[in-house]
Amino acid sequence: YAHEAIEVVKLAIRDVNQNNTLLPNISVGFVAVDICSNDLTSLASSLYFIPDLDQGFLYNSNGENNQTVTFCGEEWEQFNVIGILGAGSSRMSVYISSLMSLFHIPVLACFASSDELSDKSRYEYFMRLVPPDRFQAEGMVEILEYFGWTFFTLLYSEGSYGEHGAKQIESFALEKRLCLGFSKKVASTVTTAELTDIVEDILKTGAKAIILFLDFNHVSLLFDILIENNLANYFVIVGSDSLSYNIAPEYREAAKGIITMAFETKKIPGLTSHYQSLMPGHSVIDNPWLIKYWEETTNCSWHGHNHNKVPCQEIKGEYVPGETQWQFYDGIFVYAKALHNFITDRCSEAFRDKEILNKCFNTKELLNYMMKVRVLSKHGNLLSFDKNGDMLGEYAVLQKVYVKESGNVKNINIG
């Protein structure tokens with residue numbers, strides 16, 4: 001979903017910069033760094049945003065406030081940012097927020113939901129735009145209770161997301177007097193053979209209901225194993241939010257019937273028309289992830305004829321954006337509103353003379369203003385945070401159903 005996230009951020013940046021009542025005479029911008037869904041890569045990428053402590057916050061009227069620094073004998077391009085929007089998972093957010101807190105740089109996460117990240121003594125500069133996992137864990141256990149699935153097993157991923165989610169599941173199950181027959185942590189480096197052995201252990205318990213608190217890569221591997229061993233639809237599966245996203249066609253047999261928790265979805269006004277303007281041949285595309293998306297999904301070549309592939313510019317059709325990226329849009333507005341309030345209180349003359357920003361701005365104080373943000377977003381979502389930097393909200397309960405006409409699996413809202 002990187003291609004969509006970038007376009008949502010671009011749309012939000014455009015809307016902020018065109019809003020005369022928000023940061024007047026000041027433009028905001030962004031830099032995107034690919035962390036490749038990898039823990040260590042995310043940590044390494046964070047080094048781009050470590051400030052030059054000798055220089056402080058650097059301001060350039062053209063927005064080109066990056067420079068090259070030497071780190072461990074290598075040259076790194078350094079971006080002086082007011083904060084970070086991301087990363088995608090709790091596991092990566094633990095790494096990034098731990099490092100950024102040392103330099104007083106806020107990290108506003110879009111999907112990181114682990115309860116561990118609510119600990120302000122460890123993650124002082126972390127905030128998020130989704131509820132913590134304890135709420136979906138309670139909901140998952142209530143689903144088991146509602147349907148009378150009183151004997152169940154639990155699979156969870158190694159790391160903050162899975163391990164803290166599992167603790168919450170076990171606690172709520174004990175309160176409800178449900179019987180947990182088998183619980184297993186899935187290592188980040190698990191092999192197909194190892195996960196197959198775990199599935200066999202689950203079969204031995206006789207339990208049909210399974211709660212999955214797994215990272216998405218573990219979900220895919222599990223589906224492969226269930227299909228390979230003719231166990232698709234054998235279990236009743238209740239999954240955490242990682243199972244709520246679109247499932248690849250090759251996994252539809254295993255995905256049918258799964259009940260999953262999901263973050264609320266919101267439609268961003270103007271996003272669909274924005275995407276239609278990005279159809280190949282309609283405009284200049286400056287989003288490398290979008291180019292890669294077109295090439296992979298339509299088997300076209302962006303750079304003309306290549307290995308019998310048609311040019312992407314000849315592709316016809318419409319693009320319908322998903323509804324799972326609104327957090328990126330809201331995140332930009334949280335930063336913009338907090339920065340606006342900071343400048344208004346501390347150095348209002350900076351709205352007329354932007355050079356003054358270099359003297360009065362600091363990210364440590366910005367965090368306090370972000371925590372106090374309370375504003376209605378463009379799509380009607382109330383943006384506000386509790387004392388831990390968590391944005392409270394509701395979960396949807398979805399079920400994956402097979403659509404005969406398309407042959408695909410889609411989510412329907414059941415609660």
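User: Happy to be looking at this with you! Which residue stands opposite alanine 109 in strand 5?

Analyst: In this predicted model, the residue opposite alanine 109 is arginine 128, in strand 5.

User: What makes strand 4 and strand 5 a pair?

Analyst: Good one to check! Pairing requires at least two bridges between the strands. Strand 4 (residues 107-109) and strand 5 are joined by three bridges, so they meet that definition. The two strands run parallel.

User: Why are strand 3 and strand 5 said to stand at the edges?

Analyst: The open sheet has three strands in the order 3-4-5, with parallel pairing. Strand 3 (84-85) and strand 5 (126-128) each have a single partner strand, so one side of each has no neighbour in the sheet.

User: How do you know that cysteine 347 and cysteine 360 form a disulfide?

Analyst: The cut-off is a sulfur-to-sulfur separation within 2.5 Å. For cysteine 347 and cysteine 360 the S to S value is 1.9 Å, so the pair qualifies as a disulfide. A search of the whole structure finds one disulfide.

User: Why is cysteine 360 called buried, and cysteine 179 partly exposed?

Analyst: Buried means under 20% relative accessible area, and partly exposed lies between that and the over 50% of exposed residues. Cysteine 360, at 18%, therefore counts as buried. Cysteine 179 has 41%, so it is partly exposed. Cysteine 347, at 2%, is buried, and cysteine 110, at 1%, is buried too.

Methods: Residues numbered from 1 in each chain as written. Predicted model: local features only at pLDDT ≥ 70, side-chain atom pairs only at ≥ 80, totals over all residues. Heavy atoms only, no water. Buried < 20%, exposed > 50% of the residue type's maximum accessible area, 1.4 Å probe, protein only. Helix = DSSP H or I, 4+ residues; strand = E, 2+ residues; numbered from the N terminus.
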